[in-house]
Amino acid sequence: MHKKLTISSIKNSKGVKPLVMITAYDALFASLLEESADMILVGDSLNMSFAGKSDTISATLEQMIYHTNAVCRGAKNSFVICDMPFGTYTNAKSALSNAIKVFQQTPADCVKIEGGKDKAQVVKHLTDNGVAVCGHIGLLPQSVRSEGGYKVKGKTEEEKIQLLKDAKAIEKAGAFCIVIEGVKAEVAKEVAESVGVPVIGIGAGVDVDGQVLVFSDMLGLFEAFTPKFVKKYMDGASLVREAVGNYANEVLNKEFPKEEHTY
Ligand code: KIV
């Protein structure tokens with residue numbers, strides 16, 4: 001069993017060892033993932049892969065609190081990040097009152113919020129009041145409707161400059177680590193080199209301080225769509241279908257239960 005990471009050990013890992021982050025939404029998967037993950041993210045992506053919605057926008061704080069508690073029960077030895085859902089951090093005051101709910105109602109170690117320079121004041125207000133914050137810059141899934149889709153960032157000089165400003169602003173505001181999503185690899189590298197806190201990539205190339213993937217993507221369980229950056233480490237969907245198909249056949253043929261499964 002590995003030692004649970006702290007904010008300082010996460011910060012100190014920069015330049016020493018890449019950080020492994022993975023999402024989880026329930027106690028069962030959290031308990032399976034915790035051995036290999038440094039940090040578990042209860043992402044609002046659960047609204048898609050767990051709740052079957054088409055984007056993350058309708059995830060609620062209550063949902064995030066419910067799933068964060070489940071994950072913390074399953075992975076007692078892990079550093080757990082609770083994603084703040086859309087609309088819960090539009091200004092510093094509402095962000096703090098919602099983050100306090102997360103901290104008082106779950107054992108989460110920090111919250112994650114999407115946004116760069118525009119959210120620096122919110123990050124500062126949270127960190128000034130004892131709420132640790134993981135930032136999230138680049139492609140922001142909560143902006144999917146306003147941006148008209150999921151758009152890779154860092155393709156132009158202006159976007160690169162903006163990303164560098166975003167990372168610096170939220171680091172200055174107190175974020176202890178930053179997720180960078182859907183960004184050209186060479187730009188993500190520059191961003192990671194420009195700040196003193198770990199930058200964790202998803203669809204941002206290898207030259208950052210760690211990686212995060214959505215567990216249902218990397219286990220091949222989520223089939224609705226597969227972004228280019230996802231590597232499927234197993235074909236979970238086929239394995240599940242095959243197992244359930246075998247069970248169904250055995251039930252139909254009266255081959256299950258056998259003697260050893262019977263009282
Ligand atoms: O919600 C989520 O799972 C995330 C990751 C994509 C980083 O924010």
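This is a predicted model: local features need pLDDT of at least 70, side-chain atom pairs count only at pLDDT 80 or more; totals for chains, interfaces and linings use all residues.
**Cavity, pocket and the end of a helix**

Q: What volume does the largest cavity have?

A: The largest cavity has a volume of about 40 Å³. A cavity is a set of points, on a 1 Å grid over the protein atoms alone, where a 1.4 Å probe fits but cannot get out. Volume here is the space filled by probe spheres set on the points, which are joined across faces, edges and corners.

Q: OK. How many cavities of 30 Å³ or more are there?

A: Searching the whole structure turns up 1.

Q: Which residues line the largest cavity?

A: L139, L140, S143, V144, E147, G149, Y150 and K153. Lining residues have an atom within 4 Å of a point. By class, 4 of them are nonpolar, 2 polar and 2 charged. Nonpolar covers Ala, Val, Leu, Ile, Met, Phe, Trp, Tyr, Cys and Pro; charged covers Asp, Glu, Lys and Arg; the others, Gly among them, are polar.

Q: Switching to pockets: how much space is in the largest pocket?

A: About 1,100 Å³. A pocket is an open set with protein on both sides within 12 Å along at least five of seven lines.

Q: Which lining residues are closest to its centre?

A: Of the 47 residues lining the largest pocket, E181, I202, G203, L213 and F229 are the closest to its centre. The lining has 25 nonpolar, 12 polar and 10 charged residues.

Q: Which element gives the most to that lining?

A: Strand β1 does, with 4 residues. Elements supplying at least two residues each include β4 (110–114), β6 (177–181) and α9 (185–194). Helices (H or I, at least four residues) and strands (E, at least two) are DSSP runs numbered from the N terminus.

Q: What span should helix α11 have?

A: Its 17 residues, 236–252, should span 24 Å at 1.5 Å a residue, and the end C-alpha atoms are 24 Å apart, so the two agree. The expected span is 1.5 Å times one less than the number of residues.

Q: What comes after α11?

A: Just after α11, K254 takes a positive phi of about 55°. K254 counts as exposed because its relative accessibility is 74%; exposed means over 50% relative accessible area, with a 1.4 Å probe and protein chains only. P257 also lies in the segment after α11.

Q: Cis or trans from F256 to P257?

A: Cis, with omega near -5°. Most peptide bonds are trans.

Notes: Residues are numbered from 1 along each chain as its sequence is written. Side-chain values use heavy atoms; hydrogens and water are left out. Buried means under 20% relative accessible area, exposed over 50%, partly exposed in between (1.4 Å probe, protein chains only).
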